[in-house]
Amino acid sequence: PIPFAVQLLNDLVAKQVQHLAFGSGVTFVPNYFIRDNPALESVDMGNSQIATIGCEAFCADTGLTGTIVLPETLTTIGSSAFCNCTSLRRVEPFLPDSVISLGYSAFQNCPVSGKFRVGYGDSLTLGYNGKSYNEGNQIRGTKVEDIDFGPALRTVPIGFVYEVKTLTNVTFADGIIDMSTDKICSGCSALESAYLSKDLTNLGA
């Protein structure tokens, strides 16, 4: 269940806030922070010290037509944090190199375009609430054209690059060793080129 205080804040924002900016004293966004809210149009976290965006924090905020600005302090994006934000087209940066944990369905069904970059921090955990999970879907259904996976992504999980139908180029950087799971680039019907890690030891069908 959604905590009462979070639900109360969501109700207040639904009535009067269209643009949300976080100050330097903010270090985290709680689970279910402002979800299912059609009024919110943009979110700026660029001047904050936010390290964690909780699960479903902005899930199904269908009015998000402006830019989501993420801070360089961000390390964790929870499961379904921006899932089903069906008007969201721009996230800057996408993603910060500081991100080391990306939850299941984090950006699923968001029409974000451009380049998606992840895995250039010290480590990277992908999955459901920070735990191992058999399908990723982190960017499924986005409009991303270019994906760059860094060496911190040692193993590519099932479904991480799945049904990104606008994807034309993908890079799996040197240092990635395991691509043995399925649904890697499955349903990416526009894919034209792929660079595979020279350290790759396992490649699935």
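A contact is counted here when heavy atoms lie within 4.5 Å. By that criterion, residues 24 or more positions apart account for 57% of the contacts in the protein with a separation of 6 or more. The structure is a predicted model, in which local features need pLDDT of at least 70 and side-chain atom pairs count only at pLDDT 80 or more, whereas totals for chains, interfaces and linings use all residues. Residues are numbered from 1 along each chain as its sequence is written, and side-chain values use heavy atoms, with hydrogens and water left out.

The protein comprises one helix and 15 strands; helices (H or I, at least four residues) and strands (E, at least two) are DSSP runs, numbered from the N terminus. Of the 205 residues, 45% are buried, where buried means under 20% relative accessible area, exposed over 50%, and partly exposed in between (1.4 Å probe, protein chains only). The protein exposes about 9,100 Å², and carbon and sulfur atoms supply 50% of this area. Accessible areas come from the Shrake-Rupley method with a 1.4 Å probe, and for residues only the protein chains shown count as cover.

We can now turn to a parallel sheet. Four strands, in the order β9-β11-β12-β14, form an open sheet with parallel pairing; two strands pair if DSSP finds at least two bridges between them. At the edges are β9 (113–118) and β14 (193–195), each of which pairs on one side only. Neighbouring strands of this sheet are turned by 15° against each other on average, direction ignored. For such angles, axes are lines fitted to C-alpha atoms (for helices over the stretch in contact), and the values run from 0 to 180 degrees between N-to-C directions.

Glu-163 is found in the loop between β11 and β12, and Ser-189 in the loop between β13 (178–179) and β14. Although 26 residues separate Ser-189 and Glu-163 in sequence, their C-alpha atoms are 8.0 Å apart in space. Ser-189 counts as exposed because its relative accessibility is 66%, and Glu-163 counts as partly exposed because its value is 28%.

Most residues other than glycine have a negative phi, and most peptide bonds are trans. Glu-163, which is not a glycine, has a positive phi of about 55°. Glu-56 likewise has a positive phi, near 55°, and lies in the loop between β4 (52–53) and β5 (67–69). With a relative accessible area of 22%, Glu-56 is partly exposed.

One joins Glu-92 and Pro-93, with omega about -20°, and Pro-93 is found in the loop between β7 (90–92) and β8 (101–103). A cis peptide bond also joins Phe-94 and Leu-95, with omega about 5°; Leu-95 is likewise found in the loop between β7 and β8.
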